[in-house]
Amino acid sequence: FSLDPAALAIAVAAGAALYVTPAGSGNRDGSSGDHALEGKSLAVAINEMLEPGDRLLIGSGTYRDVQATISAGGSAGKPKSIVGVDRGEGLPVFAADWSIDTPSRGRTALRIAEGVSHVRFEHLRLRGYVMGVQAGGAKMPRKELIFEDVDLEHVRHAFYLSDCDDLRLSDCDVRRYSKHAFRFEQGCDRVSVQRCTADCSEGDVAWEEKTELLPFGFNVNNGGAANTSITFEDCLAANNLMPLQKSRYKNGDGFVVEGNARDVKFVRCRAIRNQDGGFDLKVADVQLTGCVALGNSRAYRIWSTGTLT
């Protein structure tokens, strides 16, 4: 591993660093790049070895069948950071064997337990999971989870999140999914989604014949407690199609917001080539500024009230 001086200064200020590679190296205690933990130690490293403010630096390579439950977070002002590092062979890839031919079967890569807060995920690649990142319904909300440049492909659901407050996703790209890319199920408050992409098929008609019913790019759901104060900025939802649906009304949307959400904004977002609605918005007082919808069956579906500028 090598860090430039500016990055090294940030790392020192942030706290200690642990190192991981797929096979590990040296004495495998994680103390340096020459003594890296092996990949199967990811969950132990995050939950038991990292202290608030520390960073887990995950080196290049493929980490097969990763399934990690994160049960211990950081603290306010001292997040735990899980960071992918390109050591010359690209960013690290968590890979499993999910297939669109059996979409409901497979592994979940990262589960975030109830109440886990102040964790950053940066520069990671995930491929071949039934669910990439899952935060289930919780009585104790999670706070200040950050996903930056976390890309997923060949998944059923990429992000499936409930009860996450002060949540931020930026520069996360999802492609080739069978169901949903970004799903905010319930109880997510003060959410910022910036420069994220959901491209269901990348225009591949063979993939579109295998997607499941109701493929959505970004879905603010009506799963229980309302999702509130959500802003989508510079996001793209494209190619959410399932042409072989047997019902007369064929669904598949770019952006979906269900009725009990509140305070939802879209800024410079694009919905391109989706089966039904580019923007299918059932929430009251939705705001859209500088948005574009092209090649959808319906461009903007405003079910209640809204302002389009």
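Strands here are DSSP runs of E at least two residues long, numbered from the N terminus. The model on screen is predicted.

**Stop 1: strand β14**

Select residues 173–186, which make up strand β14. This strand is mostly covered, with 12 of its 14 residues buried. Strand β11 (residues 145–162) runs parallel to β14 and is joined to it by 8 bridges. Strand β16 (residues 197–199) is also parallel to β14, with 3 bridges between them. Strand β17 (residues 216–220), again parallel, has 4 bridges to β14.

**Stop 2: Arg176**

Stay in β14 and select Arg176. Is Arg176 buried or exposed? Its relative accessible area is 16%, under the 20% cut-off, so Arg176 counts as buried. Leaving aside residues up to four places away in sequence, Arg176 touches Glu153, His154 and Val155, then Asp199, Cys200, Ser201, Glu202, Asp204 and Trp207.

**Stop 3: the aromatic rings**

Show the rings of Phe, Tyr and Trp. The whole structure holds 14 aromatic pairs. One of them is Phe184 with Phe232: the ring centres are 6.3 Å apart and the planes meet at 65°, so this pair is edge-to-face. Phe184 sits in β14 and Phe232 in strand β18 (residues 228–233), so the pair ties together parts 48 residues apart in sequence. Both Phe184 and Phe232 are buried.

Next select Phe266 and Phe279, another edge-to-face pair, at 5.5 Å centre to centre with 85° between the planes. Phe266 belongs to strand β21 (residues 262–267) and Phe279 to strand β23 (residues 277–281), so this pair links parts 13 residues apart in sequence. Phe266 and Phe279 are both buried.

To see how these pairs connect, select the cluster that ring pairs build from Phe121, Phe147, Phe159, Phe182, Phe184, Phe218, Phe232, Phe255, Phe266, Phe279 and Tyr300.

**Stop 4: helix α2**

Go to residues 42–49, helix α2, and pick out its buried residues: Leu42, Ala45, Ile46 and Asn47. Their cover includes β1 (17–21), β2 (37–38), β3 (55–58), β5 (68–70), β6 (80–84) and β7 (93–95).

**Stop 5: a surface patch**

Finish on the surface with Ile272, Val292 and Leu294, a nonpolar patch with about 220 Å² of accessible area together. Ile272 is in strand β22 (residues 270–272). With 32% relative accessibility, Ile272 counts as partly exposed.

Key
Residues are numbered from 1 along each chain as its sequence is written. This is a predicted model: local features need pLDDT of at least 70, side-chain atom pairs count only at pLDDT 80 or more; totals for chains, interfaces and linings use all residues. Side-chain values use heavy atoms; hydrogens and water are left out. Patches are made of residues with over 30% relative accessible area and no salt bridge: like charges are joined within 9 Å, nonpolar side chains (Val, Leu, Ile, Met, Phe, Trp, Tyr) within 5 Å. Accessible areas come from the Shrake-Rupley method with a 1.4 Å probe; for residues, only the protein chains shown count as cover. A salt bridge is a side-chain nitrogen of Lys or Arg within 4 Å of a carboxyl oxygen of Asp or Glu. Buried means under 20% relative accessible area, exposed over 50%, partly exposed in between (1.4 Å probe, protein chains only). Contact means heavy atoms within 4.5 Å. Two strands pair if DSSP finds at least two bridges between them. Rings of Phe, Tyr and Trp (its six-membered ring) pair if their centres lie within 6.5 Å; planes under 30 degrees apart count as stacked, over 60 as edge-to-face and the rest as tilted.
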